[in-house]
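Work through these exercises with the sequence and the 3D view at hand. Try each task before reading its solution.

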Amino acid sequence: MQHFCYITFIQGADINISKLGDCNGLDVVIGSFCIYLAIKKSKTAGVGWVWVKKSNLYGVSGWYPMKTIKESFVGISMTNTSPLMAPTRAKEVALSTNPIAVGVPAGDNHFLLDMATTAVALGKIEVQRRKDEDIPEGWAQNVEGVSTTGPEKACCFMPLGGAKWNSGYKGYALASVVDILTGVMAGANYSTKIRKWNSLGCNEQADLGQMFVAINPNCFDPDFETNMCDLNNRLRNSKPVFTECSLIYCTFASTTTKRMPMLDLSRKF
């Protein structure tokens, strides 16, 4: 990774589309530039699309749509990365966690989705390994392509959904879509062309592809945010299976700060 780099506009003349190259730079910085550029374009054209190639890991995917929400815009961000996931019925990695993040403004309770297209993100298996605990069935598979509960035996992630009979092929398809819209679309690396996530790939440039989108919903429906609030309420007010359990919903409150639970430091690491 370069400590200093120059952002190059490869294609940027169009009013609502830009393609950039960042020369292997620090991609939290580059990603911020891209999402603000998408916002700027959407203020003019209603929709702003920005792709970047020669990129690195850009941090938390959901951070970028949160920036569009502050402008009352819908935001989307995606990235590919080093292959960690085996396609359905395969026993070798070919895709990565390939996250999808979508943010939508909705009054004081916005919609925010930030998800991996694998069954879990990389960190969850690492936490289980450090705690010396098994992982659930359907998270990962061993070298033979069989689902495993042992973190040390996990060599490939399984797609979102796990095995094919649990609709894992849908997670595989979603991960493929992310690689298409990021790596292939940006002219960056994709699939197994990306460096390995280990010491064998540490000296190679990642050349990841990323996509940033900002959309002004009022260009499509002036009542968008009112209707979005109504949708939120309808979903939240669905009758729960157990009255003592609240429904799961993709949201964050704009007026409060929610923190992750503290890690139990008494456990074995």
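**Exercise 1.** Is Y64 buried or exposed?

*Solution.* Take the cut-offs: buried means under 20% relative accessible area, exposed over 50%, and partly exposed lies in between (1.4 Å probe, protein chains only). Y64 has a relative accessible area of 0%, so Y64 is buried. F212 also has 0%, so F212 is buried.

This is a predicted model: local features need pLDDT of at least 70, side-chain atom pairs count only at pLDDT 80 or more, and totals for chains, interfaces and linings use all residues. Residues are numbered from 1 along each chain as its sequence is written, and side-chain values use heavy atoms, leaving out hydrogens and water.

**Exercise 2.** Why is the pair of Y64 and F212 edge-to-face?

*Solution.* Start with the rule: rings of Phe, Tyr and Trp (its six-membered ring) pair if their centres lie within 6.5 Å; planes under 30 degrees apart are stacked, over 60 edge-to-face, the rest tilted. A search of the whole structure gives 5 aromatic pairs. In the pair of Y64 and F212, the centres are 5.3 Å apart and the planes stand at 75°, so the pair is edge-to-face. Now place both residues: Y64 is in helix α2 and F212 in strand β10 (residues 208-215), 148 residues apart. Helices (H or I, at least four residues) and strands (E, at least two) are DSSP runs, numbered from the N terminus.

**Exercise 3.** Which residues do ring pairs link into a cluster?

*Solution.* The cluster consists of Y58, W63, Y64 and F212.

**Exercise 4.** Is V60 buried or exposed?

*Solution.* Locate V60 in the loop between β3 (47-55) and α2 (63-69). Its relative accessible area is 55%, so V60 is exposed.
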